[in-house]
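Here is a short briefing to read alongside the structure.

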Amino acid sequence: MNTDDSSLAGPDREARCRKAVERADRLARVMDYQLGKGPFRFGLDAVLGLIPGVGDVTTGAVGLYFLKLARDAELPKHKMAGMVGNLAIDTALGAIPLVGDLFDFGFRAHQRNAKVIRRHVDSQFPPPPA
């Protein structure tokens, strides 16, 4: 397998980055707003956060997958550091009994991190002019 920089160029690179965006968007939807109706949408993050200890660790681990997707999409380290910050806030505050459970319903770290990945990829591969 060729691993030099030339193998990362062209349509394969764009396809890999776009696939990372698609996976991030799909996972963010499940974790942050797949359930509920109207303005009362929430996801597995809020539900799992109700399980003391285990839930917040589990959703934090899922959040680490977004960093893998960010790496696949070639995000620079400073953008990935912001994503780590979102994840740290979500995990730390989500672990506080009662207050953290309410926080999990409103702070959508996975959705925020998917947006960081999407914006970066869109800036690297803008759509062709109409």
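Val-121 sits in helix α6, which covers residues 109–124. In this predicted model, Val-121 is buried, because its relative accessible area is 0% and the cut-off for buried is under 20%.

**Around Val-121**
- Ala-73 is 48 residues from Val-121 in sequence, yet their C-alpha atoms are 6.7 Å apart in space.

**Helix α3 with helix α4**
- Helix α3 (residues 54–72) and helix α4 (residues 77–94) have axes that come within 10 Å and cross at roughly 175°.
- The two helices are therefore roughly antiparallel, since angles over 145 degrees count that way.
- From α3, the residues that meet α4 are Asp-56, Thr-59, Gly-60, Gly-63, Leu-64, Phe-66, Leu-67, Ala-70 and Arg-71.
- On the α4 side, Met-80, Met-83, Val-84, Leu-87, Thr-91 and Gly-94 take part.
- Sorted by class, this contact of α3 with α4 holds eight nonpolar, five polar and two charged residues.

**Helix α3 with helix α6**
- Helix α3 also packs with α6, at an angle of about 0° and with the axes 10 Å apart.
- That angle makes α3 roughly parallel to α6, because the limit for this label is under 35 degrees.
- Thr-59, Gly-63, Phe-66, Leu-69 and Ala-70 of α3 make the contact with His-110, Asn-113, Ala-114 and Ile-117 of α6.
- By class, five nonpolar and four polar residues form the contact of α3 with α6, with no charged residues.

Definitions and conventions
Residues are numbered from 1 along each chain as its sequence is written. This is a predicted model: local features need pLDDT of at least 70, side-chain atom pairs count only at pLDDT 80 or more; totals for chains, interfaces and linings use all residues. Side-chain values use heavy atoms; hydrogens and water are left out. Helices (H or I, at least four residues) and strands (E, at least two) are DSSP runs, numbered from the N terminus. Buried means under 20% relative accessible area, exposed over 50%, partly exposed in between (1.4 Å probe, protein chains only). Axes are lines fitted to C-alpha atoms, for helices over the stretch in contact, and angles run from 0 to 180 degrees between N-to-C directions. Angles under 35 degrees count as roughly parallel, over 145 as roughly antiparallel, 65 to 115 as roughly perpendicular and the rest as oblique. Contact means heavy atoms within 4.5 Å. Ala, Val, Leu, Ile, Met, Phe, Trp, Tyr, Cys and Pro count as nonpolar, Asp, Glu, Lys and Arg as charged, and the others, Gly among them, as polar.
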